[in-house]
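This report walks through selected local features of one protein model, beginning with a loop and ending with the spaces inside the fold. Please keep the sequence and the structure in view while reading.

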Amino acid sequence: MRILVFGAGGAIGREITAELLRRGHPVVAVTRAGAPIDGLDVQVIQGDAADPASVAILAQGVDAIVSAVGPRRGSEDDEESLLGAARGLVDGMRRAGARRLVVVGGAGSLEVAPGQRLVDAPDFPAAWKPGALAHARALDEVYRAAGDLDWTYVSPAALIEPGERTGQYRAGGDQLLTDDAGNSRITIPDYAIAIADVVERGDAVRRRITVAH
């Protein structure tokens, strides 16, 4: 599969790119700077997910697109960045005739109880809230409205962090996954494995899933 990865220079995007390369897929990494990515032998192209014209050009002839786009922390508005990228990707893919999109999502919109999202919990960290709400809007207003695209939105566990690549994870739907102690975690390498699995299988079309240890 020829795969285009937007946001490949970030911590999660880089790991997803590495995982896809490890599996032998031809990957084109897209970053806003277009600079080489340390440690990865991959073609890097400058592009902006928020620019439909840029997306349309880059998406020609690809089998799947992965979006790991996120705002630059402390220097960009979360809502503007995430919603802009979602709209640009959907519009650009339509122009290019591309259909398959796998999105690195947020965990804040996952349900912790019927009708209650994780982001609405009293102890949800205030610093994470703008990003969580922006992710939720992108899912509800952009991706769920894109019924003509084969999109999948993949929410991580409540805590996603660097760690071991175990190859083990559980998958669910709209509810937050926790372990027996009530913790919700996944390492970035294992999340990348889950993303690559979704890309290869082509399943979970037009819905959100979540993965956790």
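A204 lies in the loop that joins α5 to β12 (207–212). The model is a predicted one, and in it A204 adopts a positive phi of about 55° although it is not a glycine. Most residues other than glycine have a negative phi. With a relative accessibility of 9%, A204 counts as buried, because buried means under 20%.

R206 is found in the loop between α5 and β12 as well, and R206, although not a glycine, has a positive phi of about 55°. R206 is partly exposed, its relative accessible area being 37%. Just after α5 comes G202, which takes a positive phi of about 70°.

## Helix α5

Helix α5 covers residues 188–201, and its 14 residues should span 20 Å at 1.5 Å a residue, which agrees with the 20 Å between its end C-alpha atoms. Because 12 of the 14 residues of α5 are buried, the helix is largely enclosed by the rest of the structure.

Where does S155 sit, and what does its side chain reach? S155 is found in strand β8, which comprises residues 150–155, and its side chain reaches the backbone oxygen of G106 at 2.6 Å. S155 counts as buried, since its relative accessibility is 0%.

S54, by comparison, is placed in helix α2 (residues 52–58), and at 15% relative accessibility S54 counts as buried. Not counting residues up to four places away in sequence, S54 touches G47 and D48. From S54 to L110 the separation is 56 residues in sequence and 31 Å in space, taken C-alpha to C-alpha.

## Helix α3

Helix α3 has 19 residues, and the 27 Å from its first C-alpha to its last is close to the 27 Å expected at 1.5 Å a residue. At the start of α3, a side-chain oxygen of D77 reaches to within 3.2 Å of the backbone nitrogen of E79. After the helix comes G97, whose phi is positive, near 75°.

## Cavity and pocket

A search of the whole structure finds 1 cavity of 30 Å³ or more, and the largest cavity has a volume of about 70 Å³. Its lining includes S67, V69, L82, A85, A86, V103 and V104, and also H135, A138, Y143 and Y153. At least two lining residues each come from α3 (78–96), β5 (100–104) and α4 (129–143). By class, the lining of the largest cavity has 9 nonpolar and 2 polar residues and no charged ones.

The second largest pocket holds about 270 Å³ of space. This pocket is lined by 13 residues, and L118, W128, A158, L159 and S184 are those that lie nearest its centre. The lining of the second largest pocket divides into 7 nonpolar, 4 polar and 2 charged residues.

Key: Residues numbered from 1 in each chain as written. Predicted model: local features only at pLDDT ≥ 70, side-chain atom pairs only at ≥ 80, totals over all residues. Heavy atoms only, no water. 1 Å grid on protein atoms, 1.4 Å probe; cavity = no way out; pocket = protein on both sides within 12 Å on 5 of 7 lines; lining within 4 Å. Points joined across faces, edges and corners; volume = space filled by probe spheres on them. Helix = DSSP H or I, 4+ residues; strand = E, 2+ residues; numbered from the N terminus. Nonpolar A, V, L, I, M, F, W, Y, C, P; charged D, E, K, R; others polar. Buried < 20%, exposed > 50% of the residue type's maximum accessible area, 1.4 Å probe, protein only. Polar contact = N/O pair within 3.5 Å; in protein donor to acceptor, adjacent residues only side chain to side chain. Expected span 1.5 Å × (residues − 1). Contact = heavy atoms within 4.5 Å.
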